[in-house]
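Please load the model in your viewer and keep the selection panel open.

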Amino acid sequence: MASHHHFSVIKGSKVLMVGAGGIGCELLKTLALSGFQDIHIIDMDTIEVSNLNRQFLFRQSHVGQSKARVARDAVLKFRPEISITPYHANVKDPNFDVDFYKQFNVVLNGLDNLDARRHVNRLCLAADVPLVESGTTGFLGQVTVHVKGKTECYECQPKPAPKTYPVCTITSTPSKFVHCIVWAKELLFAKLFGDKNQENDLNVRSGDAASSSNHVEDVFERRNDEDIDQYGRRIYDHVFGYNIEMALSNEETWKNRNRPKPIYIRDSLHDEPTQQNGNVEKNGGTNDPSSVSAMASLGMKNPQDIWSLKENSKIFLEALKLFFLKREKEVGNLTFDKDDQLAVEFVTAAANIRATSFGIPLHSLFEAKGIAGNIVHAVATTNAIIAGLIVIEAIKVLQNDTKRYRMTYCLEHPSRKMLLMPVEPFEPNKSCYVCSETPLLLEINTHRSKLSEIIEKIVKPKLGMSAPIIMHGAEVLYETGDDLDEDLLASYAAKVDKVLSELNSPITGGSMLTVSDLYQELRCSINIKHREEFDEEKEPDGMVLSGWSQASSVENDGDKSVDHNAGSTSESLTVETEKDSEAEIVSGKKRKLSEVSEDVTPSDAQEIRANKKLEVLDEDDDIVMLDGGDFGISKKKIQSHP
């Protein structure tokens, strides 16, 4: 009887899948094979070559096509009797509104970014539809269940800020290879091949320019009489030699640090003639810029080799030459792309030369690409396990089997012979502004700040609202929408540009703003507290929001640290997780469980309580393992890219 009910619930359900990538492909296959008859898929992406190693519904011939549509066609070949509806679209499009979500019995997420996850969470809450969330990173993964009023929502706990590195550390005192990668990618590559007008600390005055007080030569500007080999060697000597010497001139900096060693081209290549660096003609037979390779030109094949200083120097010069000879039309508009072989070669070589100068261990191209692209390499088996767990939880949700809901964590190493760790879901966080509607507090100088600053610094980036409506009492201060007439838009434009205390309905200390989102049907209140002064370094926004929290991530370097909870500023470099990276470690606040899941044996539970909690081992690596906690399982969440 239970079995008949089990299958009738599956067959009669209507399921929405969001994401058709690594997890999504496995999930769609598993849903189809488990008896689900009516499945809808939303995904805005097209298939790339790099997807093919883990997204098994796709083939080489599908590159460039819609993921959602190709996934549907692939599954219908072995389950032609079921209904699969694909949407090649952005899940944040207005047509995917609350009414759209209400038609489904459960929503299953296989997304690759925080913004979309928050959006789906809010629409599920508004539509009162259960959500099963998931993520993987390497061998690690998790599946969580979110049911309105019964479990915490996706936003009940803080999510991570992008990792940020102080510019002073990157440009002056790197101590880790990731610092060298960020320098090579965000500063050197951008200066050479990106916007020529950007200013950064690489363009210090060289000796031949120091005599002019009115005009400082841009050393990155190629001279009229300079061939590409001469230009490359001059850039090399400037960034790895001259700039290091300039840094060494500040004796105070190196009192408690190891002094770096300037490296000039004559030191690394021992005056070897430029012509021997490579053979550009080896790249001459192709019209595809992405296939141009300094390694191929130099006859180097293994991306897992760690190159010597001489080899890194050759790759650096060869890659620079190839950009100007083979991809000249792109120079000036390039941004680093982890799938651009020549860009990865250049950044790897530059980072290794800089690492040599500062006594930091060198890395292979394979390792450097992972760091530069913020990649944790995908493990297809993990995706398959997580997809299976999603379906198991979805069936429980459809049966309304509340007592058996589980958040399940996939571990890299067994704990008491267990690789899957199930725990009971947490209750809703009473202070969550999304599902509990708890008021937020905004400290701001109401005599200086404008409404536009609240919108651009608070409402959109921190509260995640894409179509906000802001009200003060009964007055609408701001709203968006395609159906607004020009007079109304002009009225809002005038309001947002005014200082808060000078609005027709003045916003001062003690005022309350009501902020809602047109598409998410999310509504929250913000209490305003007037504050005169803010610390420009620690509070760069000139305002502080309380009640909304984002996990802090602190980068320590000697006596300097940066609290990333304050947000990135012009004095830091932010490293975003790339879409294909499969990795986003979300380190939320640790919370105790009332009890361990019945799926864990008493002896397991005792050891977990005594010895274990999830902890990031190395801030440079997305490695998570279990370690000590008090009277319950504490965790750092893993929210990852499919």
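A residue is called buried under 20% relative accessible area, exposed over 50% and partly exposed in between, using a 1.4 Å probe and protein chains only. By that scale L420 is partly exposed, because its relative accessible area is 34%.

This is a predicted model, in which local features need pLDDT of at least 70 and side-chain atom pairs count only at pLDDT 80 or more, while totals for chains, interfaces and linings use all residues. Residues are numbered from 1 along each chain as its sequence is written, and side-chain values use heavy atoms, with hydrogens and water left out.

**The whole chain**

Select the protein chain: 17 helices and 22 strands are present. Helices (H or I, at least four residues) and strands (E, at least two) are DSSP runs, numbered from the N terminus. Of the 642 residues, 53% are buried. The accessible surface comes to about 28,700 Å², and carbon and sulfur atoms account for 48% of that area; accessible areas come from the Shrake-Rupley method with a 1.4 Å probe, and for residues only the protein chains shown count as cover.

**A surface patch**

Select I385, L419 and L420, which form a nonpolar patch on the surface with about 220 Å² of accessible area together. Patches are made of residues with over 30% relative accessible area and no salt bridge, like charges being joined within 9 Å and nonpolar side chains (Val, Leu, Ile, Met, Phe, Trp, Tyr) within 5 Å. L420 is located in strand β10 (residues 418–423).

**Aromatic pairs**

Rings of Phe, Tyr and Trp (its six-membered ring) pair if their centres lie within 6.5 Å; planes under 30 degrees apart count as stacked, over 60 as edge-to-face and the rest as tilted. The whole structure holds 19 aromatic pairs. Select F189 and F323: the ring centres are 5.8 Å apart and the planes stand at 75°, so this pair is edge-to-face. F189 belongs to helix α7 (residues 177–193) and F323 to helix α11 (residues 309–326), so the pair ties together parts 134 residues apart in sequence. Both F189 and F323 are buried.

Next select Y231 and F324, an edge-to-face pair with 5.6 Å centre to centre and 80° between the planes. Y231 lies in helix α8 (residues 228–248) and F324 in helix α11, so parts 93 residues apart in sequence are tied together. Y231 and F324 are both buried.

**Salt bridges**

A salt bridge is a side-chain nitrogen of Lys or Arg within 4 Å of a carboxyl oxygen of Asp or Glu, and the count by this rule is 24. Which residue forms a salt bridge with R327? Select D340, where the closest N and O atoms are 2.6 Å apart. R327 and D340 both lie in the loop between α11 and α12 (341–357), so the bridge ties together parts 13 residues apart in sequence. R327 counts as buried at 5% relative accessibility, and D340 is buried at 8%.

Finally, select R531 and E443, whose side chains meet in a salt bridge (3.2 Å, N to O). R531 lies in the loop between β15 (523–530) and β16 (543–546) and E443 in strand β11 (residues 440–444), so the two parts joined are 88 residues apart in sequence. R531 counts as partly exposed at 22% relative accessibility, whereas E443 counts as buried at 15%.
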